Amino acid sequence: MSTKHPIISVTGSSGAGTTSVRKTFEQIFRREKVKAVFIEGDAFHRYDRLEMRKAMAEAGAKGDHHFSHFGPEANLLEELQNVFQHYGESGQGHTRHYIHDTAEAEQFGTAAGTFTKWEPFPEETDLLFYEGLHGCVATEKINIGKHADLKIGVVPVINLEWIQKIHRDGSTRGYSAEAVTDTILRRMPDYVRYMCPQFTQTDINFQRIPTVDTSNPFIARWIPTPDESMVVIRFRNPQGFDFCYLISMIQNSFMSRPNSIVIPGGKLDLAMQLILTPLILQLVERKRRAS
């Protein structure tokens, strides 16, 4: 953790809603005139798309049928930790972009499924913002979460996460429901081993819960909308948060535990603005005083 160079880490699996959360942070940064540098978790994958397929095939030939991006073997986690540590010490670091589709390929001038070149961070940033799979991951070799000043978890209940992945991969990548199901099964051991424990380390979790039947996510025809959902917001340390104010500002919200608020799904952006803006300003003010 660093006073002069704070780090915000948002952890969640693909399709969990981390992209929407990033947009909310971008709105706060723009409104409050905070200069942030962004890094994406998939920039620290070890393999590009073709290399990953080859690595999966090789792992499968050796009897490992659970090789996935959730696990440490498929990622440059030590490199990611070094970037966190170096930024906390100096405000400097480097990152790259993973090219997901043809639109990004045109934007960055390289093929989909590959990486851009590593580039240094811009000078004089207020904070580092990470969004990806491993913002709080800890193994025998690394502990990335200890370098972050504010740790946010974004995770829907598991059936909803599966529905979102099946629909996203089907609509944007052309995968069949059966192929996505195979991917879910392959990732499950790494999800249990490396993803779930991270949400114990986060400072605040946002977990979306559908209020419609999702008992069989593999046949669901559509993703539950925000109005068909509730969001549980869990604070690891509730001290310092004005829950009465939050409940008064967010209609139809209530406290389910001394450290948890439940809100309507459509109020997620408002809740994040109310909760996170003061925390971001505290980090920036602390940085400026130290500088």
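Glu32 comes out partly exposed, at 27% relative accessibility, where that label covers the range between buried (under 20% relative accessible area) and exposed (over 50%), using a 1.4 Å probe and protein chains only. Its salt-bridge partner is Arg31, with the closest N and O atoms 3.2 Å apart. Arg31 is partly exposed too, with a relative accessible area of 43%.

A quick word on where this comes from: the model is predicted, so local features need pLDDT of at least 70 and side-chain atom pairs count only at pLDDT 80 or more, while totals for chains, interfaces and linings use all residues. Residues are numbered from 1 along each chain as its sequence is written, and side-chain values use heavy atoms, leaving out hydrogens and water.

A salt bridge here means a side-chain nitrogen of Lys or Arg within 4 Å of a carboxyl oxygen of Asp or Glu. Searching the whole structure turns up eight of them, including these:

| Pair | N to O distance |
|---|---|
| Arg31 and Glu32 | 3.2 Å |
| Arg193 and Asp190 | 3.7 Å |
| Asp203 and Arg236 | 3.0 Å |

Arg193 and Asp190 sit three residues apart in helix α6 (residues 177–195), about one helical turn. Helices are DSSP runs of H or I with at least four residues, strands are E runs of at least two, and both are numbered from the N terminus. Asp190 is buried, at 8% relative accessible area.

Asp203 is buried at 18% relative accessibility, whereas Arg236 is partly exposed at 41%.
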